[in-house]
Amino acid sequence: MIITYDAKRAYHNRRGLGNYSRDLIRLMTQYAPDNNYFLLNPSAKGSISLPYASKINEITPSGLWRYTPSVWRSLGCVSQIEKLHTDIYHGLSGELPYGLHNLNCRKIVTIHDAIFMRYPQQYSATYRHTFLQKCRYACKTADTIVAISEQTKRDCVRYFDADEQKIQVIYQGCNNQFRQIVPLEDRKQVLQRYNLPEQYLLYVGAIEPNKNLENLIRALKITLDPPTLVIVSLPSKYADYITELAKELKVKIEIRYNIPFTDFPAIYQQAVAFVLMSYFEGFGIPVLEAVCSHTPVLAASGSCLEETGGDAAIYARPNDIEHIAVQLDTIIYHPFVREQLIKASDAQAAKFSDRAIADKLIRLYLQ
């Protein structure tokens, strides 16, 4: 088969959408190597590192399209998809190019979340309108909609008018580097490299209001002598507010930006616990990364994180600062709880193994 992907995020995004795209492409090229894979990259400046890159063909805009890469991705690439004699086109980040409905190929789109609809105050009206139209077109045009969680499946129906019969839930996985135990001496070297404390709670993700770092910090204020909260992220304007809040409340935090992805496993594995108190997530891949790292997890209830963390995590209500504090005390100071979470991590991680996810993707493509 000839399989073509919208690979913008794979080449240019270092957060969740990029990780999902790269991991899916890796799985397919590894477990279904007889297919021909084409990656549509709107800008030749991007880069991608995959162990099976020899099986991949990169397609970039040519001619005048080079000067309007976003238009090429949303519209102009359709003729390219047709010329490739594509059997399956898979939009990996909630979009399909306009005009794709006219082509005689199988159309699949992955929808990650509807956060911009659930929390409209965090997004401009233009952004909301643009992405609402894109998601609705994609859900209408797609032969199959891949939802990365049951929560996302419900949101596709609620917000994007998706046909529930077209939706398949296929969880995403995480990079296998998190399943490899980093030797203790190497972990200590990584901590020294970034000047991290010996004992710390870990948060990995964007610094933005939806991630609810404010309530986490307020909960740490009333927690019994908690370790430092280490935040691994990319720079953002909201980080200044979080820094000032922690300073005002005398809560110890350390923020580290742009840490190479290869150092993440050591940082996860050396943490006392991983904490994610988001108001809402589509999947919450850092929770899975922590579970695969055998790191105890405290996650927010109410969205999809119970699906991701399963029995390898405990949960707190994200709007309830006192409940977060109680659960922080539990995961920090109760060895039996920590031991049970670590014991449950292998079974939970197995649900998201490469083989399990690849099998579901291959069955989907062969339908």
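**View 1. Tyr268 and Phe274 are both buried, that is, under 20% relative accessible area, where over 50% is exposed and the range in between is partly exposed (1.4 Å probe, protein chains only).** This is a predicted model in which local features need pLDDT of at least 70 and side-chain atom pairs count only at pLDDT 80 or more, while totals for chains, interfaces and linings use all residues. Residues are numbered from 1 along each chain as its sequence is written, and side-chain values use heavy atoms, with hydrogens and water left out.

View 2. Phe116 is buried at 6% relative accessibility, whereas Tyr127, with a relative accessible area of 34%, is partly exposed. In the pair of Tyr268 and Phe274, the ring centres are 5.6 Å apart and the planes stand at 35°, so this pair is tilted.

**View 3. Phe116, Tyr123, Tyr127, Phe131 and Phe160 are linked into a cluster by ring pairs.** Over the ring of Phe131 sits the charged end of Lys134, 5.1 Å from the ring centre (the criterion being NZ of Lys or CZ of Arg within 6 Å of the ring centre and within 35 degrees of the ring normal).

Notes. Rings of Phe, Tyr and Trp (its six-membered ring) pair if their centres lie within 6.5 Å; planes under 30 degrees apart count as stacked, over 60 as edge-to-face and the rest as tilted.
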